[in-house]
Amino acid sequence: MSELLQLAQKILEQRVGSEHIEVFVSRSTENDVRAYQGDIEDLTTASSDGVGIRVLTDSASGARVGSAWAGSLDETAISEALREARDNVRFATEDEFVAFAQPDGVTAPQLNLTSPDVDSVSLDEKVALAIELERAVRDSDPRIRQVDSASYSDYAVAGAIASTTGIAATYARTMAYLSVEAIATNGEEDQSGWGLSAGRGPRDIDLDRARRDAVQRCTRMLGAIKPTTRKGIAVFDARATATLLSIIGGALSGEAVVRGRSFFAGRIGEMVASPRFTLIDDPTDPRHFAASPFDGEGLATRRNALIENGLLRGFVYDTVSGRRAGVASTGSAQRGGIAGSPSAGVRALQLQPGTLTQEEVFREIGDGFFIESLIGVHSGVNPISGDFSVGATGLLIRDGQLAEPIREVTVASSLQRMLLDVVAIGSDQEWLPGTAAGQTLAIDGISLSGS
Amino acid sequence: MTTATLIDQNLVEKVLTAATARGGDFAEIFVEDRQANSATLDQRRIEELTSGRERGAGIRVVIGETTGFAHTADLSERGLLKAAEAAAAVARSGGGGTKTVALESYRDNTTRATELPHDVDKARKVELMLLADDVARSQGSAISQVQVGLGDTSRRFLVANTDGVFAGDHQVRTRFNVQTVAVGDTGMQTGYRPVAATRGFEWMTPERISEAASKAAQQALTKLASRPAPSGDLPVVLAGGSGGILFHEACGHGLESDAILKQASVYAGMVGEKVASDLVTLIDDGTMVDEWGYLAIDDEGRPSARNVLIENGVLTDYMWDYMRARKEGRVSSGNGRRQTYAHLPMVRMTNTYLMAGTQTPEEIIASTSYGVYVAQLGGGQVNPTTGDFVFGMTEAYLIENGEITTPLRECNLIGNGPAVLKRVDAVANDFSTAPGTCGKDGQQVPVGTGQATMRLTGVTIGGTAA
């Protein structure tokens, strides 16, 4: 048994009377290097520990939960957190649906989500990667005027969740990233572009991939115009699609649904999207960087079909939102670190790939606009009403080919319409860090506001 | 309680000496003890109270232009020396000789707080949340949901460095948010209002909470009658206090010296030049007591200050932290901030605002024949290289023939910061501020923004109406 699980279970021994305790402990190490002008700008090495404790008391009229956390695993910090969590219980409103997860018999997938290289590759080699990335971007194109930041980062995290209701789960994960932001100039204006490559360890990342992305994105945006206002087909690239999918994923959370905060509420079994559109949440797929054997309550994760050929199949639930909806948890509790309490959410979305390459999608649609980045997403999308109005940069598509770069535009529609208006899905699925994988996605009926 | 007790002075000196033993030019230790409480009310239920505590130290070592950084939750001598050694690993040359550390006499600071949030009876916090729920629901039967969030933090820190800085601050912040949903024939609309101050819990009076709750409810109710916003280039009138975040994002970030020194800002090399309309005077001021971005000292121990960035349209200066100021041979402007001990400090804003003008808000609206009136801007984002920005309008109306008319559905505003600054053509006398959270390189810090009612041109409304 892992050391962290033992520690969590030891805290459970402090249970008093009929209360229930749930403990989440985590331990992580990280390295971050930023290179600038051939040298290290900063280098961070650190380790962090944390514990989150929830206490539940039950009575005839319902259960109550209180919680507390500490950024340390020392005994004093743990006792203080347990004391605070117990005190906080008293103030919660009794709720018949509140409960801790109980083992549900689903076996967790066997996933190897760690790379030994995070540990074995020396800090010097990691530093060298960041410096090499900076140099490579700078040397790529004479129009690159500056490399704002080129960094290597990695982390290794291990955690355990245990409860007096029988939960005992552990997980471990490593990640490594190379990312770079470059600025290109044509003498009159500057444009920036960002590139990334991610993997489980430093040997799984592709430096040239990050370089190419950053260089292409900033150089081809030079000379961007503000086009006239129009309506048409927007083609989202893999990164922009991933952003879009995570927004849609938010409205597929059972939590949002039971609280009446999703435009999908009450529409199970209806056609909510184009028949080409199949979206699943599958944390058991190890190719997805967000894969995980267990959810935030320590239940096994599973593959959940959300939208199949346009038909709304289901939502994702944690224990409490599931009880409110009268269904079982789908193993989809999310937890925002030690200070966060579980709540239902999608974790590892993927859109079923289509058959066309990006170039074929351009050819098929003829005219439209290619969207490379979305900005202002957190302010411009309302997951309750579905209103969608987001800033974008990209390029016009004319006669099936990329044409002038465009900036200072917004793309607007509603999420409901956009799902139904999907006209093509690319075959170019890309595994990205974050909630969703992405690929080329073409959507009709988009208003592009320019001048 | 004084922040001086966070760590023993002898240990501070020992750690700084160890951190520079391999030849660092500069070393700093930042020790923090942070307590946070939060609670949410949803559908009349108090869902969960959460309390947290985090203690630790961040140590940085600077050699040339390279920074080494390590942090630890282990505040024992062994833990701190280990972190000092890790931070010093960037000093590869080794053996630069021992630095003598002569610390100044300790400067302690504290936020005005008669009631520390952690000591406030939790039952009283719960009562205030229920009050907000009652007030919001009493505004109209169409209010179907009310969510209330309460969060407070008490952050005690001590910072010391090899230049002799030795100071601490106890920062207390209290915040209430009310979110509402109204349902009508046209679907669901939302409302939002925060109450936030760098103050003790005494700020959270029933009057302030009730006002926020009723405004959040009114906003959702009003929006039920909203129509799709127009799209295209239109004059925009920002209500006082509603849109300071636009200048924070679209101009403030470009005036941070890290972006300037990397030539990554449109404002690099522009000091003394006319960058805005004569009506624009932009200030960053950490000394505004009670405001959400108030600080006695920044996270590098430097006293906060009132820094004029743009005066009557002319760029006067940038904002500076220790590292950037050092490179330019000047002093920091008190803008070195960090989210927690586990983060490196960088140049950040405090309270950033545009100074008020002389017109009345009514005059500005009356002189706008067709445009958009923004009563509340939501979050936004800016591309620092181009200055292009995007902001959500969470409450907006059409202006027709000099009068505020129909409410508009939510949509984005986009524009270019430097261009918009030049096209501010009216500023009123009704200055007010708003709290916000600023994210940069993954670090979140509380900031204040402010402005009086004003009119901008050259902004695109990203609506869906034809």
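Reader: Which domains does the domain assignment give for chain A?

Author: Domain bounds of this kind come from an automatic or database domain assignment, and for chain A that assignment gives domain 1 (3-219) and domain 2 (224-451). This is a predicted model, in which local features need pLDDT of at least 70 and side-chain atom pairs count only at pLDDT 80 or more, while totals for chains, interfaces and linings use all residues. Residues are numbered from 1 along each chain as its sequence is written, chains are lettered from A and ligands numbered from 1 in the order in which they are written, and side-chain values use heavy atoms, with hydrogens and water left out.

Reader: How many residues of domain 1 and domain 2 of chain A take part in the contact?

Author: Contact means heavy atoms within 4.5 Å. The centres of the two domains of chain A, taken over C-alpha atoms, are separated by 23 Å, and the contact takes 46 residues from domain 1 of chain A and 34 residues from domain 2 of chain A.

Reader: What area is buried between domain 1 of chain A and domain 2 of chain A?

Author: Buried area is the accessible area (1.4 Å probe) that two parts lose on being put together, summed over both. Between domain 1 and domain 2 of chain A it is about 3,200 Å², of which carbon and sulfur atoms give 57%. Of the area that domain 1 of chain A buries against domain 2 of chain A, F97(A), L111(A) and R217(A) supply 18%, more than any other three residues.

Reader: How many salt bridges are counted between these domains of chain A, and how many residue pairs are in polar contact?

Author: A salt bridge is a side-chain nitrogen of Lys or Arg within 4 Å of a carboxyl oxygen of Asp or Glu. The count between domain 1 of chain A and domain 2 of chain A is 7 salt bridges; R324(A) forms a salt bridge with D95(A), with the closest N and O atoms 3.0 Å apart. A polar contact is a pair of N or O atoms within 3.5 Å, where within protein one must be able to donate a hydrogen and the other to accept it, and residues adjacent in sequence count only if both atoms are side-chain atoms. Across this interface of chain A the rule finds 12 residue pairs in polar contact (both at pLDDT 80 or more). The side of domain 1 of chain A that touches domain 2 of chain A divides into 24 nonpolar, 11 polar and 11 charged residues, where Ala, Val, Leu, Ile, Met, Phe, Trp, Tyr, Cys and Pro count as nonpolar, Asp, Glu, Lys and Arg as charged, and the others, Gly among them, as polar.

Reader: Which domains does the assignment give for chain B, and what area is buried between them?

Author: Chain B is assigned domain 1 (3-223) and domain 2 (231-462), whose C-alpha centres lie 23 Å apart. In chain B, 49 residues of domain 1 are in contact with 37 residues of domain 2, and the area buried between these domains is about 3,400 Å², with 52% given by carbon and sulfur atoms. The count between the domains of chain B is 8 salt bridges, and the side chains of D290(B) and R112(B) meet in a salt bridge (2.8 Å, N to O). There are also 22 residue pairs in polar contact between domain 1 and domain 2 of chain B (both at pLDDT 80 or more). The residues on the side of domain 1 of chain B that touches domain 2 of chain B divide into 15 nonpolar, 16 polar and 18 charged.

Reader: How many residues of chain B are in contact with chain A, and which element gives the largest share of that side of chain B?

Author: Here 67 residues of chain B are in contact with 69 residues of chain A, and the two chains bury about 5,500 Å² between them, 44% of it on carbon and sulfur atoms. The count between chain B and chain A is 12 salt bridges, and R55(B) forms a salt bridge with E80(A), the closest N and O atoms being 4.0 Å apart. The largest share of the side of chain B that touches chain A, 11 residues, comes from β2(B); helices (H or I, at least four residues) and strands (E, at least two) are DSSP runs, numbered from the N terminus.

Reader: Which strand of chain A is joined to β2(B), and do the two run parallel or antiparallel?

Author: Strands of a sheet pair through backbone hydrogen bonds, either parallel or antiparallel. Two strands pair if DSSP finds at least two bridges between them. Strand β3 (residues 62-70) of chain A is joined to β2(B) by 5 bridges, and these strands run parallel; the bridge partner of G66(A) in β2(B) is L49(B).
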